Amino acid sequence: MISIQHFFDPETFTLTYVVWDGSTKDGIVIDPVWNYDQASSTLTSKSVDTVVGFLKEKSLKVHWILETHAHADHISGAQLLKKYFPQAKTGIGERITEVQKVFQPIFNLKSLKTDGSQFDKLFKENETAQAGSFSLKVLFTPGHTPACASYVIEDAVFTGDALFMPDVGTGRCDFPQGSADMLYTSVTEKLYSLPDKTRVFTGHDYPNGGREVKYESTIAEEKATNIHIKGKTTREEYVSFRTNRDKTLSAPKLLLPSIQVNIDGGKFPEAQSNGKSYLNIPISIKP
């Protein structure tokens, strides 16, 4: 029987999870955060340090560091985490190559490989992987991005940005090659086909009305009360709603630094002659 511990990063509203078997000490980490202050272009390890402290306290053996997708709102802490747990393998859905091919020219990343080789493992649809004593199943749940994946572990599913808490809804679909129609299929035909008692662990929470942070629901609760996509919501209703809503949303604050680092497996560019690494920030001039 697995145990699950969440960690909430209030700067990016991101939820990181540690999943482990208490009897064998086998564990995994899902969606770690490397804190980045854009104004000063400074990295700090606050969020990863908290996770590392927990992993060491529990004496866990980390088998996997998993990404649900290439995040646009925070920088992955996978590479920092690997410094503490070098035996851990990084994993992501194999469609990450599509995202790499889209963004390589946008950021003019001439040296970026677009074959996904920055990750230790590219998962296929419905693939099962072992984490010591327990296994995880990979569900492709595209829509927010084409490369989104959810991870099913025993009676739990980790949905990343596909499905949020019922009072928050779903992830946006206006990134390159995102699709509200595709996300509808991912949610209704894949996630909502899981047993009603399946526990849902979301990738973000945006507390409404001052409520406390929440991170866990069930498939039954989502189908009954999700404000964007209930079990009875039609495809036309959802696509219309999501498309119109996305037109009103601003770009995520950390979009430009996050994407180019995360599609490279959480790695920053090699330091230049002055010892500093640099990110490419494209400039658009509107008339």
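Which residues does A131 touch, not counting residues up to four places away in sequence? Residue A131 touches D26, I28, H63 and W64, where touching, or contact, means heavy atoms within 4.5 Å. The structure is a predicted model, in which local features need pLDDT of at least 70, side-chain atom pairs count only at pLDDT 80 or more, and totals for chains, interfaces and linings use all residues. Residues are numbered from 1 along each chain as its sequence is written, and side-chain values use heavy atoms, with hydrogens and water left out.

The protein chain contains seven helices and 15 strands; helices (H or I, at least four residues) and strands (E, at least two) are DSSP runs, numbered from the N terminus. Its radius of gyration is 18 Å, close to the 19 Å that the globule rule gives for 287 residues, so the chain is as compact as a globular protein of that length. This radius is taken over C-alpha atoms, and the globule rule is 2.2 Å times the number of residues to the power 0.38. Along the principal axes, the C-alpha trace of the protein chain spans about 60 × 60 × 40 Å.

Of the 287 residues of the protein chain, 52% count as buried. Buried means under 20% relative accessible area, exposed over 50%, and partly exposed in between (1.4 Å probe, protein chains only). Among contacts in the protein chain between residues at least 6 apart in sequence, 66% join residues at least 24 apart.

A131 is situated in strand β10 (residues 128-131) and is buried, with a relative accessible area of 0%. The C-alpha atoms of A131 and V51, which are 80 residues apart along the chain, are separated by 18 Å. T159 belongs to strand β13 (residues 156-160) and is likewise buried, at a relative accessible area of 1%. Not counting residues up to four places away in sequence, T159 touches S150, L191, V200, F201 and T202.

Helix α4 (residues 180-190) has as its buried residues A180, L183, Y184, S186 and V187. Seen down the axis of α4, these buried residues fall within an arc of 165°, so they line one face of the helix; the arc is that of the directions from the helix axis to the C-beta atoms. In general, an α-helix has 3.6 residues a turn, so residues three or four places apart point the same way. The cover over the buried residues of α4 includes β11 (134-140) and α6 (235-246).
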